[in-house]
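Please look through the structure shown here before reading the briefing that follows. The notes are grouped by topic and are meant for a reader meeting this model for the first time.

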Amino acid sequence: MLGPVILAASRSEQMRRLISAAPVTKQVVDRFIPGETVDEIVPIVQDLTAKGLELTMDVVGEDITTPEQAAAARDAYLLLVDRLKELELGTRAEMSIKLSMFGQALEGGHELALANVRPVVEAAAAIGTTVTLDAEDHTTLDSMFTIHEELRKDFPETGCVIQAYLFRTESDARRLAEAGSRVRLVKGAYKEPAEVAYQQKHEIDKAYVRILRILMEGSGYPMIGSHDPRLISIAQELARRAGRKLDEYEFQMLYGIRSDEHRRLAAEGHRMRVYTAYGTDWYGYFMRRLAEKPANLRFFARSMLTRG
């Protein structure tokens, strides 16, 4: 299977240099990451919201090695909040944050990440939006969930992400499926060992449905992170059985993938949120997008051959 190989490459500095240096890379990366700065991303935000879509914004970057870099990541999100306020789009765009960017892996990283993320959550709440904490590899999750619980004391709409391929996630979903919670369910995009995660697609898909049922039957607000047509149909059926109205859950998909489906779901009255990433440190994010879906890898390889 190519997925694990690509995920391993996402951590390789040699592969980072090789792929980043390829002339065609930026043209392909732009499919998934449409800008490097706030100014470049503003037209994208305006275009998507004009089409009836909502967004979750991600400033890409994970390999933080100093407290100063973590503070810079915090400031990049605060700048984004300022621009959303100027555009009066605070209610249409939330933010997704990886705590690794905020210093989670550094010495004293749990406290550092909490200290850095809190002002972003406060600023987001002030313009009528919120923050969702992205899930990363399984070793970081206990810290992420603890920070999530702490933030929810003052900002109860703070969301979090759970990953269907981890054995622990059904238990996490039962705990999180409470009134006021916001939980995004994804399949998972990190290389995890067989001791903690399902390795086969059919096992992950079955787990996804089991967990989604828990969320739909709970009292929280499920966010369905999937491009899989079958899972989208199942989600709609589970929502119907649970008696949920169209504004009591939402779909989330990545920018640049199945854009026609984004518009179709929005036209049917569903809340459809586009996960839109931007920034200069795009390599890890880009490689995980390739690993998630073979069609993405074929797209990249075909572009390398035809343009190289």
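**The barrel and the overall picture**

In this predicted model, 8 strands close into a barrel in the order β1-β2-β3-β4-β5-β6-β7-β8, and the pairing is parallel; two strands pair if DSSP finds at least two bridges between them. Neighbouring strands of this sheet are turned by 30 degrees against each other on average, direction ignored, where axes are lines fitted to C-alpha atoms, for helices over the stretch in contact, and angles run from 0 to 180 degrees between N-to-C directions. The secondary structure of the protein comes to 13 helices and 8 strands, with helices (H or I, at least four residues) and strands (E, at least two) taken as DSSP runs and numbered from the N terminus.

Because the model is predicted, local features need pLDDT of at least 70 and side-chain atom pairs count only at pLDDT 80 or more, while totals for chains, interfaces and linings use all residues. Residues are numbered from 1 along each chain as its sequence is written, and side-chain values use heavy atoms, with hydrogens and water left out.

**Burial and contacts across the protein**

- Of the 308 residues of the protein, 55% count as buried, where buried means under 20% relative accessible area, exposed means over 50% and partly exposed lies in between (1.4 Å probe, protein chains only).
- Among contacts between residues at least 6 apart in sequence, 73% join residues at least 24 apart, a contact being heavy atoms within 4.5 Å.

- Strand β1, made of residues 54-59, is mostly covered, since 6 of its 6 residues are buried.
- Both faces of β1 are covered, with E54, T56 and D58 buried on one side and L55, M57 and V59 buried on the other.
- On the β8 side, 6 bridges join β1 to β8 in a parallel arrangement, and M57 stands opposite T276 in β8.
- With β2, strand β1 pairs in the parallel sense over 3 bridges, and T56 stands opposite E94 in β2.

**Further pairing and helices packed on the sheet**

- Strands β4 and β5 run parallel and are joined by 4 bridges, and C160 stands opposite V183 in β5.
- Helix α6 (residues 109-126) packs on the sheet, touching β2 (93-97) and β3 (131-133), and its direction makes about 145 degrees with that of β3.
- Helix α11 (residues 259-267) also packs on the sheet, where it touches β7 (250-254) and β8 (271-278), and its direction makes about 165 degrees with that of β7.

**Helix α9**

- Helix α9 (residues 201-217) has 17 residues and reaches 24 Å from its first C-alpha to its last, close to the 24 Å expected at 1.5 Å a residue; the expected span is 1.5 Å times one less than the number of residues.
- The buried residues in α9 are I204, D205, A207, Y208, V209, I211, L212, I214, L215 and M216.
- These buried residues of α9 pack against β4 (159-163), α8 (169-176), β5 (182-186), β6 (221-225) and α10 (229-241).
- An α-helix has 3.6 residues a turn, so residues three or four places apart point the same way.

**Aromatic rings**

- A search of the whole structure finds 3 aromatic pairs, where rings of Phe, Tyr and Trp (its six-membered ring) pair if their centres lie within 6.5 Å, and planes under 30 degrees apart count as stacked, over 60 as edge-to-face and the rest as tilted.
- One of them is formed by F167 and Y198, which are edge-to-face at 4.8 Å centre to centre with 80 degrees between the planes.
- F167 lies in the loop between β4 and α8 and Y198 in the loop between β5 and α9, so the pair ties together parts that are 31 residues apart in sequence.
- F167 is partly exposed, with a relative accessible area of 40%, and Y198 also counts as partly exposed, at 23% relative accessibility.
- Y249 and F251 form another edge-to-face pair, at 5.9 Å centre to centre and with 80 degrees between the planes.
- Y249 is buried, with a relative accessible area of 3%, and F251 counts as buried at 0% relative accessibility.
- The charged end of R175 sits over the ring of F145, 4.9 Å from its centre (the rule asks for NZ of Lys or CZ of Arg within 6 Å of the ring centre and within 35 degrees of the ring normal).
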